[in-house]
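Here is a quick tour of one protein model, from its overall layout down to a few ring pairs. Have the sequence and the 3D view side by side as you read.

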Amino acid sequence: MPNKETKTSKSKLPLYISIGILAALVVSYFVVPSVQSFLDEAWSVLLSDDEERVKNWVSGFGWLGPILLVLAMVAQLFLLIVPSVLLMVVSVLAYGPIWGSVIIIASVFAASSVGYFIGSYFGDAFVKKIIGKKSEKKVASFLDDYGFW
């Protein structure tokens with residue numbers, strides 16, 4: 001009898017959650033004036049090439065600024081709509097190269113830890129279902145080529 005490989009299809013859950021959050025943001029943008037004003041300001045500030053303006057805007061969050069950056073980095077682990085490079089650039093622009101880098105390292109560590117604990121809690125089958133067979137093969141190939149450390 002031929003050896004059949006078990007087919008594990010990739011879960012669409014992260015895509016559905018991302019679409020749901022994006023849809024909620026779009027609806028909130030048109031329905032809630034304060035959300036519209038915040039998103040317009042954020043868009044304007046983050047797309048400006050004015051480092052001082054970005055720094056002032058992020059520092060307006062006070063002590064919550066670094067925590068929000070860490071939480072956003074953890075969220076981008078699961079969502080398709082949050083680019084990690086943007087979070088890193090904002091962190092460095094807002095807090096400078098030293099403290100911005102510390103926040104980035106803490107963010108990456110937190111996101112990696114959350115991913116690890118999810119994988120260890122739910123097990124191998126769950127992780128394979130989420131990432132799919134193709135992504136699993138890419139990661140395995142990368143580790144074979146370059147090693148873990």
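## Overall layout

Helices (H or I, at least four residues) and strands (E, at least two) are taken here as DSSP runs, numbered from the N terminus. Going from the N terminus, the elements read α-α-α-α-α-α; that is 6 helices and 0 strands.

A word on where this comes from: the model is predicted, so local features need pLDDT of at least 70 and side-chain atom pairs count only at pLDDT 80 or more, while totals for chains, interfaces and linings use all residues. Residues are numbered from 1 along each chain as its sequence is written, and side-chain values use heavy atoms, with hydrogens and water left out.

## Burial and contacts

Of the 149 residues in the protein, 17% are buried (buried is under 20% relative accessible area, exposed is over 50%, and partly exposed is in between, with a 1.4 Å probe and protein chains only). The accessible surface comes to about 11100 Å², with 70% of that belonging to carbon and sulfur atoms. Those areas come from the Shrake-Rupley method with a 1.4 Å probe, and for residues only the protein chains shown count as cover.

Now for contacts, meaning heavy atoms within 4.5 Å. Take those between residues at least 6 apart in sequence: 57% of them join residues at least 24 apart.

Ile17 sits in helix H1 (residues 13–31). Its relative accessible area is 40%, so Ile17 is partly exposed.

## Aromatic pairs

There are 6 aromatic pairs in the structure. Rings of Phe, Tyr and Trp (its six-membered ring) pair if their centres lie within 6.5 Å; planes under 30 degrees apart are stacked, over 60 edge-to-face, the rest tilted. Tyr29 and Phe30 have ring centres 5.1 Å apart and planes at 90°, so they are edge-to-face.

Elsewhere, ring pairs link Phe38, Trp57 and Phe61 into a cluster.
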